[in-house]
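Load the model in your viewer and keep the selection panel at hand. The stops follow below.

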Protein chains: 2
Amino acid sequence: MTTQRPRIIIIGAGFGGLAVVNKLHRHDVDILLIDRNNFHTFTPLLYQVATCALDPSEIAYPVRGIYRKNRNVSFLLGEVIAIHPHEKRITVKTNGTTLDQSYDYLVIATGSVINFFGNDSIEQFAFGLKNLQDTLILRNHILKLFEKATWTKDSIERDAMTTMVVVGGGPTGLETAGALYELYNHVLSREYNRANAIRARVVLVEASNTLLTPYPDRLRELARKQLESLGVEVILGKAVQKMEKNRVILVDGEVIHTHTLVWSAGVKGSPVARMLGVELARGDRIPVKPTMEVIGLDDVYAAGDITYILDKSGQPYAQVITVAQQQGKLVAKNIINRLNDKPQAEFVYFDKGIMATIGRRRAVAYPFNKVQLSGFFAWITWLGLHLIWLMGFRNRINVFVNWVWNYLTYDRSVRIILDETKPQSG
Amino acid sequence: MTTQRPRIIIIGAGFGGLAVVNKLHRHDVDILLIDRNNFHTFTPLLYQVATCALDPSEIAYPVRGIYRKNRNVSFLLGEVIAIHPHEKRITVKTNGTTLDQSYDYLVIATGSVINFFGNDSIEQFAFGLKNLQDTLILRNHILKLFEKATWTKDSIERDAMTTMVVVGGGPTGLETAGALYELYNHVLSREYNRANAIRARVVLVEASNTLLTPYPDRLRELARKQLESLGVEVILGKAVQKMEKNRVILVDGEVIHTHTLVWSAGVKGSPVARMLGVELARGDRIPVKPTMEVIGLDDVYAAGDITYILDKSGQPYAQVITVAQQQGKLVAKNIINRLNDKPQAEFVYFDKGIMATIGRRRAVAYPFNKVQLSGFFAWITWLGLHLIWLMGFRNRINVFVNWVWNYLTYDRSVRIILDETKPQSG
């Protein structure tokens, strides 16, 4: 260690990375936060951007803005392309050049990416919902198809344009399927005044025999019922075999004619994990000690979706936000412990429970894994928690008011098709 | 004319086109509105999107939403690629196919596009501010350069990254220059906490000897003073000769090192004008009779920036919104007159005056060409008028509150760099 202040580099400005910074910045250290976007994304609400209920900027927070008052926190917009743990150095590609940056401690918090499980046909045609760019690509796609459908006379072609398949029976899949159904059949169809009515079909496909696997049986059943009463078709026990340009084929041969498949059936660790040169666990995740130190390296920690660490029942921790945040806090604590020659603490997860919405007024929730909530009351709980989360970033009363108003009335102008990098010439 | 309801096709959902629809839809006609975007853009505030004060969706209004309750108004998302006036038919390219549409009356309201006056080097490197796509490309460019500048040690290189040149001394140029200056020196620089301060240089270049040519002398001088007191450099009497990747060269050889040139020095008629097969006037504008009928064609009207019609002093009407709106109203009136076998009315322009803002609390205004306003009071007038305009589209109290709050505090999260069509893989 040098006689200067210790330099800590954190790669990734997601929930894990920010949790590290938030706990670390009050200490006498220099922090460099790196992300390939200049903003943090509030990912639980990505599906609302995809379904035109929210605007990108309402769930994207410029990182510089968050840490404006913290003089010891610097931000670098760039992509890490190499890590040299034995030289305590990383290489970052940033806007046309590459930079090398040295560290005393390194934190990997780059999260997870979509896992297509090696299925190339799906990877070629499917849409993801992991980040804001994906989300806007999906939104533009849906809106363009709607416009095309309004002018298509052939009803079979038209149905393929207004059929959407969501793969994955976890909270993201459910929330997306419900929101897509409402977008089409409650919002877009109102704006279509030609003779032929446009009705969308939304199909949720899950390979296992149940939705929301970690939830209690009763809530799982309720979730399915609520989804179906909304109008979404639920197919359980079948996986997707392959996709062509306008058809999805399930393993038993069933064919669904669609131009839109949204894949939320699995994730794997971000490619940055491979740059460490250590052996990765299943799903490309980095094995860490209970102290969150990366096994096999010195002075390198990790937090969040990218880590592989077993809970008391011998299962790897779920790749969810609350785990990332608690791990991030522990990383910060343990770096401070190192600096003060104190022993490392071990990860203890405080499970606050799980929840998922179904459409705009229904939900299931299992707070603290003790109470089972469902229906409108669960949805109110979800709303309140999201408000607290949102407010935690900034004092944005006006954003909240705007959001609630538009959420309840669904009167949004975010139904615009905008390709931000394609210039519109003459 | 057929025994069905008359079919009127309006190409362009800008201010002119919407003015036609708004007056026409109450009558017993079928209206087809065509635009290559599914939204109308409130163009006066584009420069605010470019300078991170507003979000795209706050100035983009889905056309279908505007006319949702009007059963005789249909919308087609597409680009007109051919007009056959003698067959009363147009050809539209829409999402991969082409459609033909017949009309009883046609209205061309496709507006204007950037005019580089044949200067290829400028066209290659310059940014425009004519539409939302251009604006987001410019915004992303500015923010990426800022990020790069924060990590550039060479001060000469860094200065080129934080120098911006705006060409054109009309309201758009002034507003853009002032807003860019404030974005950099009041907003972005606050978020930069490394040792070297970042200060931007904004240069407004105008080829003639004065800014805001149609304004009274006193206001022109005030505008220049206000801009300079803000910190913008004003160069008059020099045109831009050419641009290279990171230099702008003026006609007298003066070189400005910059990566950003915003061109707002001229417009010309949209290419749709050429599809009519009539001879166009200067600036690619369609010559129209005082009734707004296109000279040389039957049953074809035009309104807005794309028209060429002389005012009382023998000058073509300015390409501004109020002219477009009043011409659009007249087009609608005259189509109704045709349907009722009444004579055509002629265009009489009611000049409500002009105004331009300089930065966020200054402006010059010349309402009804009678009163000269400047400074904060003019700015309040501008604010009030924009509110009325915005409210005219929808009852959006919450949007207005949000907008004013953020406008005054400049606390926006729209400082995000987002390429909507580039997926972020792995």
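How many bridges join strand 15 of chain A to strand 16 of chain A? Select residues 247–250 of chain A, which form strand 15: 3 bridges join this strand to strand 16, and the two run antiparallel. Strands are DSSP runs (E, at least two residues), numbered from the N terminus. Two strands pair if DSSP finds at least two bridges between them. Show A:Arg247; its bridge partner in strand 16 is A:His257.

This is a predicted model, in which local features need pLDDT of at least 70 and side-chain atom pairs pLDDT 80 or more, while totals for chains, interfaces and linings use all residues. Residues are numbered from 1 along each chain as its sequence is written, chains are lettered from A and ligands numbered from 1 in the order written, and side-chain values use heavy atoms, without hydrogens and water.

Widen the view to the open sheet of 3 strands in chain A, order 14-15-16, with antiparallel pairing. Strand 14 (240–244) and strand 16 (255–257) are its edges, each pairing on one side only.

Next, chain B. Select strand 17, residues 260–263. B:Val165 stands opposite B:Leu261.

Now pick A:Ile90. Its contacts (heavy atoms within 4.5 Å) include A:Ile9, A:Leu99 and A:Tyr103.

Last, the cysteines. A:Cys52 is buried at 2% relative accessibility, and B:Cys52 is buried at 2% as well.

Notes. Buried means under 20% relative accessible area, exposed over 50%, partly exposed in between (1.4 Å probe, protein chains only). Helices (H or I, at least four residues) and strands (E, at least two) are DSSP runs, numbered from the N terminus. Lists of a residue's contacts leave out its neighbours within four places in sequence.
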